[in-house]
Number of protein chains: 8
Amino acid sequence: MADVLIVLGSKSDSEYAEITSEILGEFGVSYDMEISSAHRRPEKTRRLSISAEKSGYKIIIAMAGYSAALPGLIASHTLLPVIGVPLPASDLKGIDSALSILQMPGGVPVCAMGIGNTGAKNAALLAVRILSLNDEMIKERLSAYQRKLAKD
Amino acid sequence: MADVLIVLGSKSDSEYAEITSEILGEFGVSYDMEISSAHRRPEKTRRLSISAEKSGYKIIIAMAGYSAALPGLIASHTLLPVIGVPLPASDLKGIDSALSILQMPGGVPVCAMGIGNTGAKNAALLAVRILSLNDEMIKERLSAYQRKLAKD
Amino acid sequence: MADVLIVLGSKSDSEYAEITSEILGEFGVSYDMEISSAHRRPEKTRRLSISAEKSGYKIIIAMAGYSAALPGLIASHTLLPVIGVPLPASDLKGIDSALSILQMPGGVPVCAMGIGNTGAKNAALLAVRILSLNDEMIKERLSAYQRKLAKD
Amino acid sequence: MADVLIVLGSKSDSEYAEITSEILGEFGVSYDMEISSAHRRPEKTRRLSISAEKSGYKIIIAMAGYSAALPGLIASHTLLPVIGVPLPASDLKGIDSALSILQMPGGVPVCAMGIGNTGAKNAALLAVRILSLNDEMIKERLSAYQRKLAKD
Amino acid sequence: MADVLIVLGSKSDSEYAEITSEILGEFGVSYDMEISSAHRRPEKTRRLSISAEKSGYKIIIAMAGYSAALPGLIASHTLLPVIGVPLPASDLKGIDSALSILQMPGGVPVCAMGIGNTGAKNAALLAVRILSLNDEMIKERLSAYQRKLAKD
Amino acid sequence: MADVLIVLGSKSDSEYAEITSEILGEFGVSYDMEISSAHRRPEKTRRLSISAEKSGYKIIIAMAGYSAALPGLIASHTLLPVIGVPLPASDLKGIDSALSILQMPGGVPVCAMGIGNTGAKNAALLAVRILSLNDEMIKERLSAYQRKLAKD
Amino acid sequence: MADVLIVLGSKSDSEYAEITSEILGEFGVSYDMEISSAHRRPEKTRRLSISAEKSGYKIIIAMAGYSAALPGLIASHTLLPVIGVPLPASDLKGIDSALSILQMPGGVPVCAMGIGNTGAKNAALLAVRILSLNDEMIKERLSAYQRKLAKD
Amino acid sequence: MADVLIVLGSKSDSEYAEITSEILGEFGVSYDMEISSAHRRPEKTRRLSISAEKSGYKIIIAMAGYSAALPGLIASHTLLPVIGVPLPASDLKGIDSALSILQMPGGVPVCAMGIGNTGAKNAALLAVRILSLNDEMIKERLSAYQRKLAKD
C-alpha cells in the first residue's frame with residue numbers, strides 16, 4: 001500500500017516521472033506509477049482516480065503535456081490532494097499545459113507545479129511536505145534535506 | 001431526437017450558448033442543451049458523452065472557460081465529432097481556454113473555435129456545414145445564408 | 001472521387017500532410033493532396049475551394065504556418081467543413097498560425113486543430129469522425145481504433 | 001480617381017477608418033473607402049484587389065480584427081503596396097490580428113502597422129510618405145506636419 | 001491554534017482572502033489571517049514563516065499580485081506545504097504573478113493555484129483536501145461538498 | 001545613387017540583410033548597406049537618416065533584434081518610408097523586436113515585416129512594390145515574379 | 001540645478017510622472033520634468049540627453065508607452081544612468097513597452113521598472129537609492145521610509 | 001572592499017556572472033561574487049543583503065532564472081541599488097524570470113535588465129554608470145568605452 005500514486009499521461013514523458021519517483025524514494029515515501037492518458041484512456045484514469053483513496057493512496061501526482069487535462073480529471077473523481085506537473089511536450093514548450101493545469105475552475109482544486117524538470121522535482125517535495133504533517137520520520141528527513149540544500 | 005447537443009460548462013456562460021442555439025434554430029437544426037461541468041460534474045459529463053450517440057445526436061458542441069477540459073473529456077467518451085468553444089471567463093480572457101481546447105494530444109480530436117461570441121456563432125455554423133453533408137435542405141439554407149452574408 | 005482534400009500551404013511542410021494522410025489511409029478514407037498557398041497561389045486556392053464540393057470532396061483539411069490564412073480562405077469559398085492545422089514553421093513556433101486559424105471572425109467557421117504533429121494527426125481523426133456519421137464501415141474502424149488506443 | 005483605397009473588414013470598425021481618412025484628407029490625398037470582409041465577402045475583396053491598380057489606386061490600406069486575413073488576401077491579388085492595420089476587436093485585444101498581419105509568409109509582403117488607433121493614424125502617414133516620393137506638394141505638407149508634430 | 005495561516009501581500013487584495021476564509025469556515029477549518037508583504041515587510045514575513053509550524057499551523061496559503069514572491073519566500077522558511085494564489089493586481093492581469101509562483105526553482109515547492117477568484121476558492125479547497133487526510137470530520141464535509149457541487 | 005538603403009543594427013545579423021539584398025538585386029533595384037546600431041551608434045544612425053533623402057534613397061529598410069529601436073529612430077529623422085524587420089536574435093525569438101517595431105506611437109510610421117527570414121525577404125518585395133509605382137521596368141519584373149511564384 | 005530629469009514621452013501620460021515626482025519630492029530630491037517624444041521630437045530628446053550631464057543631472061527617468069524607445073534613445077546619448085518606465089498606453093497594456101525597454105541590446109544599459117503606477121513609484125525610489133550612495137541626508141530619509149513601509 | 005556584489009542564484013548559471021564580472025574588470029571596478037539562492041538559501045541571501053552596505057558594497061547585481069525572486073528579496077533587505085538579471089534557465093526561456101524581476105510591487109525597487117547575455121553585460125555597464133557619478137576615473141573609462149563602441 002503506497003502513499004503516492006504517480007500518473008503519467010504518456011509513456012514518452014517517463015523521464016519526468018523518474019525525477020519525481022527518485023526524490024520520493026530518497027525520503028522513503030512509497031509510490032506506484034501508472035501510465036494513463038486523460039483523453040486516450042479516460043476509463044482507466046477514472047477508475048484509478050475513484051479507487052485511489054480506497055487503495056490507500058494519500059496523494060496523487062499527475063504529469064501531462066499539451067492540454068494537460070489529466071490532473072483536473074483525476075481531481076474531479078477523488079477527494080485526495082492532486083498535484084499537477086505540466087510537461088514541455090508540445091511546440092509551445094509547456095505554457096499550454098501550465099495554463100491548463102493552473103486555471104482550474106472554482107470547486108475542484110489542482111495544485112500546479114512548474115514546467116518540466118523542476119516541477120517534477122518539486123511535486124515530489126510538496127508530496128513529502130504534505131505527508132510530513134503526520135509522519136515524524138519524514139519530517140526529520142525533510143529538515144535534513146533542507147539543511148543539505150542550503151549547504152550545496 | 002435532436003441533432004446537436006450543446007454542453008455548457010457553467011450556467012453563468014449561458015449567453016454564449018444562446019448565440020449558438022439561435023443560429024442552429026435559424027437553420028432548422030434541432031438541439032438540446034445541457035449544463036455539465038467537466039470538473040464539477042464529471043459523471044454527468046461522462047454519461048452525456050457515452051450516451052450521446054445512442055440518443056441520436058450527431059454533433060456535440062462544448063463550451064467552457066478557464067482550463068476548458070470539457071470538449072476533450074467529451075471527445076474521449078464518444079466517437080461523435082466534438083466542437084469546443086473557449087470562453088473568456090477568467091482574467092486571462094480566454095487564452096487559457098483556447099490553448100486547453102486547441103492543444104489536444106494526438107488520438108482524440110477536438111475542433112477548436114475562436115474565443116467567445118464569434119466562436120459560439122461559428123460552432124453552430126460548423127455544425128451546420130457537417131450536417132449539410134447529408135441533408136439537402138440544410139445545404140440550401142447554408143447557401144442562402146452565405147449569399148446573405150456577402151450582401152449585408 | 002476522394003472524400004478528403006488535403007491542402008498544404010508549402011511543400012516544405014509536407015511531413016505534416018503525411019501524418020494526416022497516413023491516418024486517413026488506415027481508415028480506408030480516400031484523399032487527394034494539393035499544395036496551394038493562400039498568398040502565393042490565391043487563384044489556385046480559390047479554384048480548389050470553389051470546385052471542391054463538385055469534385056465530390058466532403059471535408060477539406062488545410063495546413064499552413066506563419067499567418068495561416070489558408071483554412072479561412074478556403075472556408076470562405078466553400079460550404080464544406082474545413083479543418084485547419086497550424087504549423088510551427090516560423091520563429092514563433094506556430095502560435096502565430098494557431099491564432100490566425102482559431103480567431104476566425106463570425107460567419108465563416110474553421111475548425112482549428114493543435115499545432116504541428118498532433119494537429120496533423122487529429123485533423124485526420126476528426127475527418128474520420130465526421131465521415132463516420134454516414135458510413136458504418138468507418139464507424140466500426142473508429143471504434144476499433146479507439147479501443148486500440150486505450151490498450152496501447 | 002483616388003490615390004488610396006481603404007478597405008475595412010467590418011462596418012463595426014469604421015471608427016478606425018475615420019482616423020485614417022481624416023489624416024489622408026489633411027494631406028490632400030484622395031481616397032475611397034470600401035467595406036469588404038476577407039472571409040464573408042471573398043469575391044468582392046478579390047475584385048477590389050484585382051481592379052485596384054486599374055482603378056488608379058496607388059496604395060491599399062486594409063484594416064481588420066480577429067485573424068485579420070484581409071491585408072494578406074488583398075496583397076496576393078495586387079502588385080500595389082498594401083498596408084495592414086490590426087484592430088483590437090476580439091477578446092485578445094488585437095494580438096491575434098497583429099500576428100496574422102505581421103507574420104506573412106515569404107513572397108507576398110504586407111506592411112503591418114500598430115494595433116488600433118495609432119496603427120490607423122500611422123497607416124495614413126505611411127501612405128503619405130510613399131506618395132510623397134513622387135509628389136512635391138505632399139512632400140512639403142509632410143515636412144510641415146513633422147515640424148508641427150515636434151512643436152505640439 | 002488554527003490549522004491554516006492565510007498571508008496576504010497587500011491589504012488592497014483582501015477581497016480574495018475573504019473568498020478563501022469563507023470556504024475554510026464552511027468546512028469548520030480554523031484559520032488566522034495576516035497581511036505581510038514579501039518585499040515591504042520581509043522580516044515579518046520571515047518570522048511568520050519560521051514560526052508557523054511551532055504556532056501549530058499545518059498549511060500556509062499566500063496570496064499576492066505582481067512579481068508574487070510571497071509564497072516562495074514563505075516556502076523557503078518553513079517545511080509546511082505552501083499554497084500560492086496569484087492575484088490580477090497589475091496591468092498584466094496576473095500572468096506575472098502566476099509565472100512567479102508557478103516557476104519555482106527545484107528544491108523549494110510551492111503549490112500554484114489559478115489567478116484571482118477561482119484560485120482563492122480552490123486554495124481553500126486544496127487545504128481542506130490536505131487536512132482531510134487525517135480528519136474524518138473534514139473528509140465527510142468534503143464528500144458532502146462535492147456531492148452538492150455536482151447537484152447545483 | 002542607390003534607391004534603397006539597408007541599415008543593419010548589428011554585423012552579426014548580416015545573413016538577414018543578404019536575403020533582402022539578393023531579392024533587390026533580382027529586381028535590378030540598387031541598394032547600399034550600412035551597419036549602424038540605434039543604441040551603440042546613435043549619431044551615425046541619425047546622420048544616415050537625415051541625409052538619406054538627399055543621398056537619393058527612396059526607401060530605407062532597417063533590421064534589428066532585441067528592442068529594435070532602429071527603424072523607429074530612422075523614421076523620426078527622415079520623411080522617407082521606413083520598413084522595419086524584427087530579427088530573432090534574443091532568447092525571446094523576435095517577439096520583443098516585433099512589438100518594438102510594430103507598436104510605434106502615432107505620428108511616426110514604421111512598416112513592420114515578419115520576424116527573421118520571411119520578413120527580410122518581404123521587406124525587399126515591399127520596397128519593390130513601392131518603387132514599381134513609378135517604374136514600369138520594375139513593375140514588369142514584379143508581374144513576372146508573381147507569376148513565377150504561383151507556378152513554383 | 002536639479003538631480004533628476006524626468007522625461008515623459010507624451011503629455012497624456014503625465015499622471016505617471018506625477019507619481020514619480022511626488023516621491024522624489026518626499027525625499028527632498030530636486031527634479032525637472034520635460035515632455036519629449038523619442039519619435040516625434042528626436043532632436044529635442046537628443047539635446048536633452050546630450051546636455052543632461054552638463055546641466056547637472058545625475059539620473060534620468062524616462063517614461064513611455066507603445067514601443068517605448070525613449071529610455072534607450074536617451075541612454076545612447078548620455079553616460080548617466082537611465083531608468084525606464086513602461087506605460088500601459090496601448091491595447092497591449094504595456095507588455096510592448098516593457099519588452100522594448102527591457103530587451104536593450106548589449107552595450108547601452110537601461111534600467112527597466114514595472115509597468116505603470118508601480119514602475120513610476122519605484123523609478124523614484126531607485127533614483128533615491130542611487131543618490132543616497134553619496135548623500136547621507138537622503139540615506140537617512142530612505143531608512144525612515146523603509147521603516148515606515150514596514151509599519152503601514 | 002569591493003564596490004559591486006554579484007549574487008548568482010545557481011552555480012549552473014555562472015557563465016552569465018562571468019560576462020558581468022569581465023566587464024566590471026575592464027573598468028577597474030572591484031567586485032565579489034557569491035552564489036546564494038533566494039529559495040534554497042534564504043538565510044545566506046538575507047545575511048548578504050543586510051550586511052552588503054556595511055561591507056562597503058555600493059551596488060548589488062543579482063542574477064536568477066525561473067521565478068527569479070533573488071533581486072527582489074535582496075532589495076527588500078538593503079537600501080543599496082539592486083540590479084536584476086533574468087536568466088533563460090527554464091523552458092519558458094526567461095520570460096518567467098523577466099516578469100518576476102520587472103513587476104516588483106511599489107515600494108521596493110529593482111532595476112531589471114534584459115534576459116541572459118545582454119542583460120548580464122548591461123548590468124555591469126549600468127553599475128559602471130552609477131559608480132561613475134562619483135568617480136572621475138570610471139567616468140573617463142566609460143567615455144572611452146562608449147567611443148570605442150561607436151567605432152566597432
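## The contact between chains A and E

In this predicted model, 42 residues from chain A and 42 residues from chain E take part in the contact between the two chains, where contact means heavy atoms within 4.5 Å. About 3400 Å² is buried between chain A and chain E, and carbon and sulfur atoms give 62% of that area; buried area here is the accessible area (1.4 Å probe) that two parts lose on being put together, summed over both. Of the area that chain A buries against chain E, 22% is supplied by A:Leu79, A:Pro109 and A:Arg129, more than by any other three residues.

Two salt bridges are counted between chain A and chain E, a salt bridge being a side-chain nitrogen of Lys or Arg within 4 Å of a carboxyl oxygen of Asp or Glu. A:Glu53 forms a salt bridge with E:Lys139, with the closest N and O atoms 2.6 Å apart. The rule also finds 17 residue pairs in polar contact across the interface of chain A and chain E, both residues at pLDDT 80 or more; a polar contact is a pair of N or O atoms within 3.5 Å, where within protein one must be able to donate a hydrogen and the other to accept it, and residues adjacent in sequence count only if both atoms are side-chain atoms. On the side of chain A that touches chain E, the elements giving two or more residues are α4 (95-102), β5 (111-112), α5 (117-132) and α6 (136-151) of chain A, and α5(A) gives the most, with eight residues. The residues of this side of chain A divide into 25 nonpolar, 12 polar and five charged, with Ala, Val, Leu, Ile, Met, Phe, Trp, Tyr, Cys and Pro counted as nonpolar, Asp, Glu, Lys and Arg as charged, and the others, Gly among them, as polar.

## The contact between chains G and F

Chain G places 24 residues in contact with 24 residues of chain F, and the area buried between chain G and chain F is about 2100 Å², to which carbon and sulfur atoms contribute 61%. Across the interface of chain G and chain F there are two salt bridges by the rule, and F:Arg46 forms a salt bridge with G:Glu43 in which the closest N and O atoms are 3.0 Å apart. Between chain G and chain F, 15 residue pairs are in polar contact, both residues at pLDDT 80 or more.

On the side of chain G that touches chain F, α2 (42-52), α3 (70-75) and α4 (95-102) of chain G are the elements that give two or more residues, and α2(G) gives the most, with four residues. By class, this side of chain G has 11 nonpolar, nine polar and four charged residues.

Chain B and chain F do not touch, their nearest C-alpha atoms being 17 Å apart. Chain E and chain F do not touch either, and there the nearest C-alpha atoms are 16 Å apart.

## The fold of chain A

Chain A has six helices and five strands, which follow the pattern β-α-β-α-β-α-β-α-β-α-α along the sequence; helices (H or I, at least four residues) and strands (E, at least two) are DSSP runs, numbered from the N terminus. The radius of gyration of chain A is 15 Å, which agrees with the value near 15 Å that a compact globule of 152 residues would have; this radius is taken over C-alpha atoms, and the globule rule is 2.2 Å times the number of residues to the power 0.38.

The C-alpha atoms of chain A fill a box of roughly 40 × 35 × 30 Å, taken along the principal axes. Of the 152 residues of chain A, 69% count as buried, where buried means under 20% relative accessible area, exposed over 50%, and partly exposed in between (1.4 Å probe, protein chains only). Among contacts in chain A between residues at least 6 apart in sequence, 67% join residues at least 24 apart.

## Salt bridges within and between chains

Over all chains, the structure holds 40 salt bridges. One of them pairs the side chains of A:Glu34 and A:Lys44 (3.4 Å, N to O); A:Glu34 lies in strand β2 (residues 31-35) and A:Lys44 in helix α2 (residues 42-52) of chain A, so the pair ties together parts that are 10 residues apart in sequence. A:Glu34 is partly exposed at 26% relative accessibility, whereas A:Lys44 is buried, with a relative accessible area of 17%.

The side chains of E:Glu43 and H:Arg46 also meet in a salt bridge (3.1 Å, N to O), and this pair joins two chains, because E:Glu43 lies in helix α2 (residues 42-52) of chain E and H:Arg46 in helix α2 (residues 42-52) of chain H. E:Glu43 is partly exposed, with a relative accessible area of 26%, whereas H:Arg46 counts as buried at 16% relative accessibility.

## Basis of the values

Residues are numbered from 1 along each chain as its sequence is written, and chains are lettered from A and ligands numbered from 1 in the order in which they are written. In this predicted model local features need pLDDT of at least 70, side-chain atom pairs count only at pLDDT 80 or more, and totals for chains, interfaces and linings use all residues, while side-chain values use heavy atoms, with hydrogens and water left out.
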